Amino acid sequence: MSDTRSYKAELVGVFGYPVAENPTIVMQEAAFAAADLHWRYLTIEVLPEQLADAIQGLRAFNMRGINLTIPHKVAVIAHLDELAPEATLIGAVNTVVRDGERLVGHNTDGKGFVRSLQDAGVDLAGKHLVFLGAGGAARAMAVESALAGAAQITIVNRSASRGETLVELLNERTPAAARFTLLDGKYAVPDGTDILVNATSIGLFPAVDDLPDVDLDSIKPGVLVCDVIPNPPYTAFLQAAAARGASTLDGLGMLVGQGAIAFTMWTGRDAPVAAMRRSLEEIFRP
Ligand code: NDP
């Protein structure tokens, strides 16, 4: 009896170090199953000094693309053939897409945040956003928020240099007006703030009781409070904000949003977003 099935899977994955706890495999494999695609997502540990070889391996295996996580998001740029405009602006790549022989770098982190806001019915046009933090996530989110129409962006950070560099980028390269505030004691959220975002790593599992240095009583009911932390999704910060009457948006939506954008870039298909979110909720459940 003949067997005409193809046993060859299309390959994508993530390069990182450390990478063992990166949960993206769960979300992407759930998406492939829901879309009935014979694709595999591989979680691959790549040492910093072996990134160039790993990218050669990706080319040799004819992989369809790759995600990059710590510490490769900036270093990978030197090994790519092309950068999408937003990745050039942000200066970091979290998703590579193979286009024929060419490897093209994108950054979907900030787009995932904007998509999660849109899914919650929030229009960024004319809004004042305050970001706590000025690292890679804050940079991607602030740039994409500015490109999506935010009018005013305040960056609050404990180290001035990172915060000031991000503010310069926003003022020079996007239509938004940006300013920097040095974190010094408890930050009081100014009147007129529409959206407050924790874009620091504070609150990530296992330090789930840690809170950003914010005067919680300055969070007013009209403010939408967002958290970048996906695990646990309902952070202590979001709980404190909700207790003061604010509406909240968790980091799981952003994680799913950026993964959904990568899924569509790789496969050309709409992403099965509900299945992706469900798969992560199952593993992040306390
Ligand atoms: P970075 O290390 O680049 O930046 C961390 C930021 O947090 C910096 O601004 C740092 O301040 C600030 N920070 C850390 N600890 C403290 C503290 N104790 N007090 C005040 N500020 C602090 O990390 P990333 O930006 O790449 O990631 C940040 C978080 O976002 C991570 O937890 C990551 O898991 C999450 N993330 C979530 C995504 C999602 O899809 N939901 C996507 C990407 C990231 P300083 O500059 O002064 O050091």
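**Exercise 1.** Which residues in H1 meet which residues in H8? Work out as well how the two helices are set against each other.

*Solution.* Keep in mind that you're looking at a predicted model.

Step 1: Find the helices. H1 covers residues 24-34, and H8 covers residues 251-267.

Step 2: List the contacts. From H1 come Met-27, Gln-28, Ala-31 and Phe-32; on the H8 side they meet Leu-255, Val-256, Gln-258, Gly-259, Ala-262, Phe-263, Trp-266 and Thr-267.

Step 3: Describe the packing. Two packed helices are described by an angle and a distance, both taken between their axes. Here the angle is about 50° and the axes are 10 Å apart.

**Exercise 2.** Find the residues that touch the most other members of the largest nonpolar core, then say where the core's residues come from.

*Solution.* Step 1: This core has 34 residues, and the ones touching the most other members are Phe-113, Phe-131, Ile-153, Ile-155 and Leu-170.

Step 1: Look at the elements involved. Those giving two or more residues include helix H3 (85-90), helix H4 (109-119), strand S7 (128-132) and strand S8 (152-157). The largest share, six residues, comes from H5.

Step 2: Check the domains. Domain 1 (10-107 + 254-284) and domain 2 (122-250) each supply at least three residues to this core.

Step 3: Another one, of 22 residues, lies apart from it, and its members include Ala-31, Ala-35, Leu-255 and Ala-271.

**Exercise 3.** Which residues of H4 are buried, and what covers them?

*Solution.* Step 1: Pick out the residues with under 20% relative accessible area. In H4, the buried ones are Asp-109, Gly-110, Gly-112, Phe-113, Val-114, Ser-116 and Leu-117.

Step 1: See what lies over them. The cover includes S7, H5, S10, S11, strand S12 (247-249) and H8.

Step 2: Carry on past the helix. Just after H4 you'll find Gly-121, with a positive phi of about 80°.

**Exercise 4.** Locate Asn-231 and find its contacts beyond its neighbours within four places in sequence.

*Solution.* Step 1: Asn-231 sits in the loop between strand S11 (224-227) and helix H7 (236-243).

Step 1: Setting those sequence neighbours aside, Asn-231 is in contact with Gly-203, Leu-204, Phe-205 and Phe-284.

Step 2: Take Leu-204 as one of these. Leu-204 and Asn-231 are 27 residues apart in sequence, yet their C-alpha atoms are 6.0 Å apart in space.

Conventions:
Residues are numbered from 1 along each chain as its sequence is written. This is a predicted model: local features need pLDDT of at least 70, side-chain atom pairs count only at pLDDT 80 or more; totals for chains, interfaces and linings use all residues. Side-chain values use heavy atoms; hydrogens and water are left out. Helices (H or I, at least four residues) and strands (E, at least two) are DSSP runs, numbered from the N terminus. Contact means heavy atoms within 4.5 Å. A nonpolar core is a set of buried Ala, Val, Leu, Ile, Met, Phe, Trp, Tyr and Cys residues joined through side-chain atoms within 4.5 Å. Buried means under 20% relative accessible area, exposed over 50%, partly exposed in between (1.4 Å probe, protein chains only). Domain bounds come from an automatic or database domain assignment. Axes are lines fitted to C-alpha atoms, for helices over the stretch in contact, and angles run from 0 to 180 degrees between N-to-C directions.
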